[in-house]
Amino acid sequence: MITSITAYDNFERAELFDTSGVGFEDADTTNSSDLDVFSQELRISSNNDSNLYWTAGLYYSTDELQEGYFFELADSFINAGTGIDEINIEYQQETESIAGFAHLEWQFHEQLKLTLGGRYTSEDREWSGCTNDSGDGTLANAWNNIFIPFLFAPAQLRLPTTPVAPGGCAIYDDIPTSPTFGEYAVFSEEISANEWMWKVSLDYQPLDDVLVYATISRGFKSGGFNGAPGQIHSQHSPIEIEKLTSYELGAKSTLLNGRMRLNAAIFYYDYKDKQEPTLAVTPVTNISGLTNIPESRVVGAELEGLLQLTQGLRLNFGMAYVDTEIEEYIAIDGDSAFPNIVTFDNSGDELTNAPRWQLNGTLSYEWGLQNGLKLMLATDVSHKSDHDTNTSGPLSDYTLVNARGGIGAADGRWDVTLWARNILDDYYWHSSTISNCCFVRLNGMPVTYGVTGSYNF
């Protein structure tokens, strides 16, 4: 069988948002995006052999992105220290990717199945952009009268021969090998990726209701560029390709005469050059950047299941445990001040945004009524343990309890459900970031009630 898939997507955005959420103009941002993506996939696959299935194909894609960020900083401490009212950044990115892939599943024994897969990708990416004075002259003034005289000159950094003009490019080339080293210039660079991804998996089915599997796979994430406002070229230097080798051993089973489903797995992830946010030390302040962690690993286990307790009464449950470690990484200390960068050995610490425990469970009961109706009651509980974040400290653990009840047609044609979320009204933070003024922690919704309904025509 031959399959061809052609796709084109266009995404346009014009959005105003407040990055810090405070009651003054700290970093109000206007974001505009224009993205065009074209892709073509052609594949061929086997038809009738029940013991051998295979597919192979080619994939091509290209995308063009134009994006801009306009920052208003009138009430920020950046403005208080430098007089900068506005910053504008604009950049363009073009990516072209071509790949070939193959996948095979071979049932070579009634209890054994071998799965093999591979994909080779060749990708080219070009990025060009600059942080500009918005035209009001405040960023140009800061460069010409503050940064250069009081930061660059005492540090004996190479001084630009031409000052920043209002509306002009205001990003300093600090890369000695660059032809525009020591000047204000647009940052442009190309990167490429030529990488294999592959998978080997063996399934063993000792019983009709039990499957055991072992999988080894390799994947990668393309390198990229930091599109945040930059003061120096090194902030936009590309991050390297992230590579992951995954080892997983697991089992899937149906027990108790079909009343219970239980799946479990243990895994080990070996990361090379894991892509992570970091601090970028700049003349304005320490702002967001991107980096690679050379060596890190994740060890974990997962368990999920379903138990039919009685007719209509069902329990769903799940658990995930991970233990993470950074094995090699020299990180930037938050006390660094341009142009002096202070580092420390971050080896031995945990990866960020990786809670050690995540638990969930749902108990539901459904029963039929006369006239083709059914009733449903359910409650669910979820828990996430405390964990560190990239730039703004730890997030505390939290537990959420939800409940719902509804009535509907037994054939599923319509239903109405009353629900309540976070019924214990727990106050918690589910994510965090950093803005000019402060750490920004985003809290979850308080206790919330509602009603939903559906009808299938």
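Modeller: Buried means under 20% relative accessible area, exposed means over 50%, and partly exposed is in between, with a 1.4 Å probe and protein chains only. This is a predicted model, where local features need pLDDT of at least 70, side-chain atom pairs count only at pLDDT 80 or more, and totals for chains, interfaces and linings use all residues. Residues are numbered from 1 along each chain as its sequence is written, and side-chain values use heavy atoms, with hydrogens and water left out.

Colleague: Then is Tyr-269 buried, exposed or partly exposed?

Modeller: Tyr-269 has 24% relative accessibility, so it counts as partly exposed, whereas Tyr-271, at 12%, counts as buried.

Colleague: How many aromatic pairs are there in the whole structure?

Modeller: The search finds 19 aromatic pairs. Rings of Phe, Tyr and Trp (its six-membered ring) pair if their centres lie within 6.5 Å, and planes under 30 degrees apart count as stacked, over 60 as edge-to-face and the rest as tilted. Trp-143 and Phe-147 are edge-to-face because their planes are at 90 degrees, with the ring centres 5.1 Å apart. Tyr-269 and Tyr-271 also form an edge-to-face pair, at 6.5 Å centre to centre and 85 degrees between the planes.

Colleague: And where do Trp-143 and Phe-147 lie?

Modeller: Both are in helix α2 (residues 138-152), 4 residues apart, which is about one turn of the helix; helices here are DSSP runs of H or I with at least four residues, strands are runs of E with at least two, and both are numbered from the N terminus.

Colleague: Switching topic, which loop holds His-236?

Modeller: His-236 is in the loop between β7 (210-221) and β8 (242-255), and at 0% relative accessibility it counts as buried. Leaving aside residues up to four places away in sequence, His-236 touches several residues, among them Ile-89, Trp-127 and Phe-225, where contact means heavy atoms within 4.5 Å.

Colleague: Ile-89 is interesting; what is its bridge partner?

Modeller: Ile-89, in β4, is the bridge partner of Tyr-69. Strand β3 (residues 52-72) and strand β4 (residues 86-109) run antiparallel and are joined by 21 bridges, and two strands pair if DSSP finds at least two bridges between them. β4 also forms a hairpin with β5, with 2 residues between them.
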